[in-house]
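I opened a new page for this structure.

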Amino acid sequence: MAATMTAGIFACSGGPVHAADARQDVEYNFTAGFLKGVFTPGEAPPGADDWSCRPTAAHPDPVVLIHGTLENMNDMWHGAAPLLADNGYCVFAFDHGGASPTAPFQGVGRMEDSAAVLAAFVDRVRAATGAAQVDLVGHSLGGGPVPRYYLKHFPGAAAKVGKLVGITPSNHGTTLDGLTELGRALHLLEPVDALLEHDYPALVEQEVGSDFNRALDAGGDTVPGVDYTVIATRYDEVVTPYGNGFLTAGPGASVHNITVQDGCGLDATDHLEASYDPVVLTHVLNALDPAHPRPVRCTAVLPLTGPVGPVD
């Protein structure tokens with residue numbers, strides 16, 4: 001099933017399908033992918049971190065995958081990493097923001113610090129592959145505030161990035177289904193945030209109206225020269241309202257805001273399943289290579305567990 005989808009998408013790209021590519025294990029079920037990788041942080045997902053990979057003329061920019069809050073690279077990218085590799089990309093992933101390198105739940109430290117890790121990793125990928133630029137694909141905070149902070153505040157960063165593709169990104173913060181607003185009304189949010197601040201500051205920074213959010217949004221959402229794509233779902237239960245993920249283009253930048261259900265009403269993907277959803281992943285491929293768009297096949301997708309039937 002997974003191999004069929006991989007081969008089909010690869011064929012649509014106009015490139016040959018090799019036997020090794022067709023055997024890639026592309027996972028479309030978040031729960032299954034999460035369980036495969038949650039206890040092995042630091043281990044690259046299938047298809048990622050081949051440091052001998054050299055970009056082709058068809059895909060000259062390596063893709064760097066950035067996980068989100070309480071995730072790691074190995075539990076979040078068992079779908080995207082092998083699929084991108086099968087489609088001819090050099091793919092790289094890394095962990096950031098964990099209490100330690102072996103902590104299964106990464107992405108909880110200050111987003112400024114995660115942006116610094118991203119900056120060093122981008123430079124490492126560029127040096128290893130010889131590429132002038134990379135493309136960034138991220139989930140949740142990894143698709144929004146962390147790379148946006150990197151692009152805005154690290155000298156020369158915008159020249160090193162061609163595209164930023166955010167899957168359910170927390171660009172403008174979240175109310176967590178109204179919990180933060182209820183907490184403010186009950187005067188509970190401040191003491192809760194004080195408890196979270198030491199070990200989980202990324203959670204506090206992603207609240208609607210946080211100091212981090214206000215500072216990041218000051219001066220506009222984008223930087224010149226970068227192409228931004230946001231892929232959101234109406235059934236996002238983490239980034240709420242889901243429209244908080246959308247961006248507004250500033251001078252010299254382009255923005256493409258996509259709501260999955262506008263093109264596929266059968267797709268009920270939630271925040272976590274989105275990074276494994278075959279519909280979303282086709283949007284990712286098209287964002288990375290808009291000159292060769294693949295057909296987005298509408299598929300019934302459930303929260304957490306993925307497609308209802310076979311993916312072909």
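**An enclosed helix**

I began with helix H7, residues 145-153. In this predicted model, 7 of its 9 residues are buried, so H7 is largely enclosed by the rest of the structure. I listed the buried ones: Pro145, Val146, Pro147, Arg148, Tyr149, Tyr150 and Leu151.

What covers them? I found that the cover includes strands S1, S3 (134-139), S4 and S5 (227-232). Helices H6 (111-129) and H11 (211-217) are also among the covering elements.

**The cores**

Next I looked up the largest nonpolar core, which has 33 residues. Leu65, Trp77, Leu84, Val91, Val137, Val284 and Leu288 touch the most other members. Strands S1 (63-66), S2 (91-94) and S4 (161-167) each supply at least two residues, and so do helices H4 (73-76), H5 (80-86) and H13 (278-288). H13 gives the largest share, 7 residues.

I took a look at Leu84 and left out residues up to four places away in sequence. Leu84 touches Val63, Leu65, Tyr89, Val91, Leu285 and Leu288.

I also noted a second, separate core of 32 residues. Val122, Ala157, Leu164 and Phe212 are among its members. My side note: in soluble globular proteins, nonpolar side chains tend to be buried together.

**On the surface**

Last, I turned to the outside. Leu70, Phe105 and Tyr200 form a nonpolar patch there, with about 270 Å² of accessible area together. I placed Leu70 in the loop between S1 and H4.

Key:
Residues numbered from 1 in each chain as written. Predicted model: local features only at pLDDT ≥ 70, side-chain atom pairs only at ≥ 80, totals over all residues. Heavy atoms only, no water. Core = buried A, V, L, I, M, F, W, Y, C linked by side-chain atoms within 4.5 Å. Buried < 20%, exposed > 50% of the residue type's maximum accessible area, 1.4 Å probe, protein only. Helix = DSSP H or I, 4+ residues; strand = E, 2+ residues; numbered from the N terminus. Contact = heavy atoms within 4.5 Å. Patch = residues over 30% accessible without salt bridge, like charges linked within 9 Å, V, L, I, M, F, W, Y side chains within 5 Å. Areas by Shrake-Rupley, 256 points an atom, 1.4 Å probe, with all protein chains shown as cover. Salt bridge = Lys/Arg side-chain N within 4 Å of Asp/Glu carboxyl O.
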